[in-house]
Amino acid sequence: MTIRKEIDLNKPLTTEQKQMLEALQTKPVQPDEDCPELTAEQLSQLVRVSELRRDERRKQTVTLRLSPQALKKAKSLGKGYTSVLSRILENALNDNEVIKRNL
C-alpha cells in the first residue's frame, strides 16, 4: 500500500512530519510495477552510456581574444562566467540569424 503525503519544503517541518520521516528510515524500499528495481545488467548499461558520452561533454581549452568591455561584462556575471560564455556562444552558433548579423 502506498501512502502519499505532500510536504511544503518552503516551510519548516512540523513535529508530526519529522516523526513520519524518521519512521520511514526503518522501512525497506519496495519498487512497484511503475518503477521496477534495475538489474545489475541494466545498471552496467547505464554506466556504459555515460562513459560513451563523456567525450562528447568534455570541454576543450581555446584561446579567445575579447574586448575589454566584453571581458568586464563577462566577469560581472560572477564565478563560472566562462561556462556562461560557453553556453552563450553555443546558442549563438545554433542561430543562423545571429551568425549572419555578425559576419
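## Basis

This is a predicted model: local features need pLDDT of at least 70, side-chain atom pairs count only at pLDDT 80 or more, and totals for chains, interfaces and linings use all residues. Residues are numbered from 1 along each chain as its sequence is written, and side-chain values use heavy atoms, without hydrogens and water.

## Largest pocket

The largest pocket holds about 900 Å³ of space. A pocket is an open set of points on a 1 Å grid over the protein atoms alone, where a 1.4 Å probe fits, with protein on both sides within 12 Å along at least five of seven lines. Its volume is the space filled by probe spheres set on the points.

The lining counts 22 residues, each with an atom within 4 Å of a point. L64, T82, L85, S86 and L89 lie nearest the centre. Two elements give two or more residues to this lining: α3 (68-75) and α4 (81-93). Helices are DSSP runs (H or I, at least four residues), numbered from the N terminus. The largest share, 10 residues, comes from α4.

## Nonpolar patch

V62, L64, L66, L71, L85 and I88 make a nonpolar surface patch of about 540 Å². Patch members have over 30% relative accessible area and no salt bridge, and nonpolar side chains are joined within 5 Å. A salt bridge is a side-chain nitrogen of Lys or Arg within 4 Å of a carboxyl oxygen of Asp or Glu. Areas come from the Shrake-Rupley method with a 1.4 Å probe.

## Single residues

I88 sits in helix α4. I88 is partly exposed because its relative accessibility is 48%; the class lies between buried (under 20%) and exposed (over 50%).

A70 belongs to helix α3. Its C-alpha is 12 Å from that of Y81, 11 residues apart along the chain. Q30 lies in the loop between α1 (15-24) and α2 (40-57). Q30 is exposed, at 67% relative accessible area.

Key:
Patch = residues over 30% accessible without salt bridge, like charges linked within 9 Å, V, L, I, M, F, W, Y side chains within 5 Å. Buried < 20%, exposed > 50% of the residue type's maximum accessible area, 1.4 Å probe, protein only.
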